Amino acid sequence: MKLFKKIVPFFLIVAMAFFQSCSGCDNENPTARVTNQGTDEVSVQVKTTGGNTENINNIESGQSSPTTSYSPGEITYTVVLKSGTELVKTVNVNFCEDYVIIVKSDNTIDITTTPRD
């Protein structure tokens with residue numbers, strides 16, 4: 001019985017440490033989506049430091065795009081309004097994070113991030 005009292009707490013501690021160290025994200029690429037609160041239809045080019053690009057096109061005012069995934073690093077977001085105006089913002093993005101590129105009502109951009117668990 002004494003051995004049982006010593007072994008059970010040990011296994012409980014090991015199990016708790018194992019479950020606390022596990023997260024739901026294991027170096028997964030970041031994602032982005034566009035939320036257009038502006039006055040014009042927009043398209044967004046996501047350019048990575050590796051030179052790759054992802055395009056999120058034709059997001060109407062009041063709409064959001066589906067998410068797209070890309071490599072982490074220094075990312076340049078180029079938002080092009082239907083009128084031809086370009087808005088550019090560069091951000092360092094990390095693994096396991098979800099980004100929202102918000103085109104605000106005054107046609108400026110803001111980028112928010114949410115860590116993925």
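Buried here means under 20% relative accessible area, with exposed over 50% and partly exposed in between (1.4 Å probe, protein chains only).

1. Basis. This is a predicted model: local features need pLDDT of at least 70, side-chain atom pairs count only at pLDDT 80 or more, and totals for chains, interfaces and linings use all residues. Residues are numbered from 1 along each chain as its sequence is written, and side-chain values use heavy atoms, with hydrogens and water left out. Helices (H or I, at least four residues) and strands (E, at least two) are DSSP runs, numbered from the N terminus.

2. The sheet around β7. Four strands form an open, mixed sheet in the order β4-β1-β7-β8. Two strands pair if DSSP finds at least two bridges between them. β4 (68-69) and β8 stand at the edges, each with a single partner strand, so one side of each is left without a neighbour in the sheet.

3. Pairing of β7. β1 and β7 run parallel and are joined by six bridges. On that side, asparagine 36 has valine 103 of β7 as its bridge partner. β7 and β8 run antiparallel, with seven bridges. Here aspartate 98 is partnered by threonine 114 in β8, and valine 103 by isoleucine 109 in β8.

4. The hairpin. β7 and β8 form a hairpin with five residues between them. Check asparagine 107 in the turn: its phi is positive, about 60°.

5. The core. The largest nonpolar core has 20 residues. Such a core is a set of buried Ala, Val, Leu, Ile, Met, Phe, Trp, Tyr and Cys residues joined through side-chain atoms within 4.5 Å. Val34, Tyr70, Tyr77 and Val79 have the most contacts inside it. Elements giving two or more residues include β1 (31-36), β5 (73-81), β7 (97-103) and β8 (109-115). β5 gives the most, with four residues.

6. Valine 79. Its contacts (heavy atoms within 4.5 Å) include Val42, Val44, Leu87, Ile101, Val103 and Ile109, not counting residues up to four places away in sequence.

7. Threonine 48. This residue lies in the loop between β2 and β3.
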